[in-house]
Amino acid sequence: MLTTHKPLRILIATPLGFRGHGGIDRLNDMIIDEVTKLPASNIKLDRLVTRGNGSLLWSPFIFLLSLVNLWIAARWHEVDLLHIAVAVKGSLYRKLILSRWARYCGVPYLLHTHGAGFEESWPKLPHFLRTATDRMFNESIAIVVLTSTWSQFISDRLPLSAKKVTLIPNGTPAVSMPPRTSDNDDVLITFLGELGPRKGTPQLVEALGILAPRKDWLATIAGNHDIKGTKKRIQELGIADRVTVPGWLDPVQTADLLRRTDIFVLPTFQEVLPMSILESMSYGVAIITTPVGAIPDAIVHERTGLIVPAGDVQALTAAIARLINDKELRRRLGTAARLKHATRFEISGCVARLIDLWRRLRLESKI
């Protein structure tokens, strides 16, 4: 019956755009790809780039252009809903303006919460920003959260918005190719993400330095931000011949790396539900990580991975050494993680729930 209606036209506000270097852009790319495969869904998605992938000097102009594009789309009745991914710091400030502009243009908006530490920093904002953030959430027509703790946080902070909350975890595509099974190669340890203190890469590098006397492992630390500092410390520890720092990898390069990976390590201090964890699960990789954010929803210690305390280099070193030594444990944890990904974190399920939400909003005449 829904296909008799005109297409539901949705703009997804995304920071950097297609193949942007960040979890929000990666998730939005996957969502758009999945919806594109479902022409019968009668949903048309387009990106609204709010920051841009170039120099920060250009970001104000890119953001201004996004406001102009939203106004044009509203003026010509080419948008029914603005889907806003919101996180901390610059993302929050941009989205405060964007949401108010959407209201001015007569475009209803949905908020999709991302970004580690948002629930901690929100109550600590200056009064005017805190009030504006409360208003942004209260004036949205729906709120998508990644975890049950966020659902409770919204209910406690904004009781009037509690009924608007929908829990939809992040997702990534399933992988048909089996994980690596070679008996002869060195164990490959991989990190993917933002290089720097928040993701725990300094602790990972220190752990690899402790493991330097062993000759049965190699490592790849891939991502953006503190590439120079990471390489410098690797050189100081004398492990540059065994640890590669290639920078940010595109989806094809990431897939190739994960197919060869034996151990994925994310010793992070602050997260919600990281895409790199979900991608590694889909490849059946044994995972070592920390119990922050919603990670315990995906990785259960000794069942779908190993959990170590954030910042504990000795525990991290011991966990890596344990998995290097025990191929059967790597296989068992990777297999369990892959099964859990298939049942809870596959992108098609995530998108199906989003489509249901968008359609429900239309049926309720909110868009």
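Q: What makes residues of helix 1 and helix 14 count as meeting in this predicted model?
A: Contact means heavy atoms within 4.5 Å. In the predicted model, Leu27, Met30, Ile31, Glu34 and Val35 of helix 1 meet Ile347, Ser348, Val351, Leu354, Ile355 and Trp358 of helix 14.

Q: Why is helix 1 called roughly perpendicular to helix 14?
A: Helix 1 (residues 23-36) and helix 14 (residues 347-363) pack at an angle of about 75°, and their axes are 10 Å apart. Angles of 65 to 115 degrees count as roughly perpendicular, and helix 1 is therefore described in that way relative to helix 14. By class, the residues of this contact are 9 nonpolar, 1 polar and 1 charged.

Q: Why are helix 7 and helix 12 called oblique to each other?
A: The angle between helix 7 (residues 201-210) and helix 12 (residues 313-325) is about 60°, with the axes 9 Å apart. Roughly parallel requires an angle under 35 degrees, roughly antiparallel one over 145, and roughly perpendicular one of 65 to 115, the rest being oblique. Helix 7 and helix 12 are therefore oblique to each other. Their crossing is right-handed.

Q: Which residues make the contact of helix 7 with helix 12, and how do they divide by class?
A: Helix 7 contributes Gln203, Leu204, Glu206, Ala207 and Ile210, while helix 12 contributes Val313, Gln314, Leu316, Thr317 and Ile320. These residues comprise 6 nonpolar, 3 polar and 1 charged.

Q: Why do strand 9 and strand 12 count as edges of the sheet?
A: The open sheet consists of 6 strands in the order 9-8-7-10-11-12, with parallel pairing. Strand 9 (243-247) and strand 12 (306-307) each have a single partner strand, so one side of each lacks a neighbour in the sheet.

Q: How do you know that strand 7 and strand 8 pair?
A: Pairing requires at least two bridges between the strands. Strand 7 (residues 187-195) and strand 8 (residues 217-225) have 9 bridges, in the parallel sense.

Q: What makes strand 7 mostly covered?
A: Buried means under 20% relative accessible area, and 8 of the 9 residues of strand 7 are buried. Helix 10 (residues 275-282) lies across strand 7, strand 10 (263-266) and strand 11 (286-289), running at about 165° to strand 10.

Q: Why is Trp122 assigned to its burial class?
A: Trp122 lies in the loop between helix 4 (118-121) and helix 5 (127-138). The cut-off for buried is under 20% relative accessible area, so Trp122, at 0%, counts as buried. Leaving aside neighbours within four places in sequence, the contacts of Trp122 include Arg130, Thr133, Asp134, Phe137 and Trp150. Gly284 is 162 residues from Trp122 in sequence, and their C-alpha atoms are 36 Å apart.

Q: How do you know whether Thr133 is buried or exposed?
A: Thr133 is placed in helix 5. Exposed means over 50% relative accessible area and buried under 20%. Thr133 has 0% relative accessibility and therefore counts as buried. Not counting residues up to four places away in sequence, Thr133 touches Leu92, Leu96, Phe118, Trp122 and Leu125.

Notes
Residues numbered from 1 in each chain as written. Predicted model: local features only at pLDDT ≥ 70, side-chain atom pairs only at ≥ 80, totals over all residues. Heavy atoms only, no water. Axes fitted to C-alpha atoms, helices over the stretch in contact; angles between N-to-C directions. Helix = DSSP H or I, 4+ residues; strand = E, 2+ residues; numbered from the N terminus. Left-handed = near helix turned anticlockwise from the far one by under 90°. Nonpolar A, V, L, I, M, F, W, Y, C, P; charged D, E, K, R; others polar. Buried < 20%, exposed > 50% of the residue type's maximum accessible area, 1.4 Å probe, protein only.
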